[in-house]
Every structure is written in structure tokens, then in C-alpha cells.
Amino acid sequence: LWLEETYLPVKDRKIKFQLDKDFLGGGKLYSPETCVLIPSILNSALLHQKDTEKVTPLGVGWMECRSKYRAYIMIGNKYRSLGYYEDPALAHSAWQSAKYNNILKLIGEYDTKPYADSRVVEFFNQVVDGIREDIENNRETKRLTRK
């Protein structure tokens, strides 16, 4: 599918693929052994704020105008609000649940496609296992990586 559509503008392609080196190779090297083509919607499921100055947990921001914490998630390359909370831990919990469910949905859909790569499925299953363990143990998810 990727090869068939390389002549099309990206906006007109059925699936927008990205070449990623982070899933298999730890993000250091582009090579046939460490790279995989992955749909951008699946790749973006791992995005979160990376601000090292940020004091709130992943998926949480302080809303000065409301004097509350807002939980938010990126779904389909768009940020969506998950609600406002008095406590950042409650907002993070809402984010964890939404992130867990979103990744499970996306990987379930991806796994049925003829272009699905079992290594990507395994990687994402380990990510959701890590989030689930954080939820079950009532701890903050600090990174979206393999467990």
C-alpha cells in the first residue's frame, strides 16, 4: 500500500505511513533491522508532552482560568479534553484510562491489516501492559515504553 501510493500527495493517501526507528532499535539507528513503516495515527498514540520543566504528570495541564487541572489526550492527531479536576493525580488517572483504551483500540485495528507488523503489535502490547500495571498499582505513568 505504501509503495502503491508514494506518487500521491500525503493528504490523499489512504494510510499515512511514517518510517520509525524507535520501536525496534531504541531510536539510535536507521537500518533495515531497526526501522518499520507504521501508520502515523498509531505512531502518534505514543505522543505526550516532553517539557522537562513540566511539574504535572503526563496528560495533565494546569488551567489558570479555571484554577483546575485539565486531563487531555491526543487522538487522531488532535488534542481532546478529558475533563477538569481539583487534583493532578485524578486528572492523570483519567489520562491513563483514555490512553490505555485508545492504544488498545488502535492496535486491535492495526493487527487486522495486511500490512501489520507483529513486532509493532508486540511493542504496543507491552506499552499497554505497562499502563495497565501503573493503573492497577495506583502509580503515575512517567513514560510510554515497553514494560
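User: Why is Ser-67 called partly exposed?

Analyst: Ser-67 has a relative accessible area of 45%. Buried means under 20%, exposed means over 50%, and partly exposed is in between, with a 1.4 Å probe and protein chains only. Ser-67 is therefore partly exposed. This is a predicted model, in which local features need pLDDT of at least 70, side-chain atom pairs count only at pLDDT 80 or more, and totals for chains, interfaces and linings use all residues. Residues are numbered from 1 along each chain as its sequence is written, and side-chain values use heavy atoms, with hydrogens and water left out.

User: What makes Asn-138 count as exposed?

Analyst: The relative accessibility of Asn-138 is 74%. The cut-off for exposed is over 50%, so Asn-138 counts as exposed.

User: What is the phi of Ser-67, and what is the phi of Asn-138?

Analyst: Ser-67 is not a glycine, yet has a positive phi of about 55°. Asn-138, also a residue other than glycine, has a positive phi near 55°. Most residues other than glycine have a negative phi.

User: Which residues closest to the centre of the second largest pocket line it?

Analyst: The second largest pocket has a volume of about 220 Å³. The closest to its centre, out of 13 lining residues, are Ile-15, Pro-39, Ile-41, Leu-42 and Tyr-115. On a 1 Å grid over the protein atoms alone, a pocket is an open set of points with protein on both sides within 12 Å along at least five of seven lines, and lining residues have an atom within 4 Å of a point. A volume is the space filled by probe spheres set on the points, which are joined across faces, edges and corners.

Note on methods:
On a 1 Å grid over the protein atoms alone, a cavity is a set of points where a 1.4 Å probe fits but cannot get out, and a pocket is an open set with protein on both sides within 12 Å along at least five of seven lines; lining residues have an atom within 4 Å of a point.
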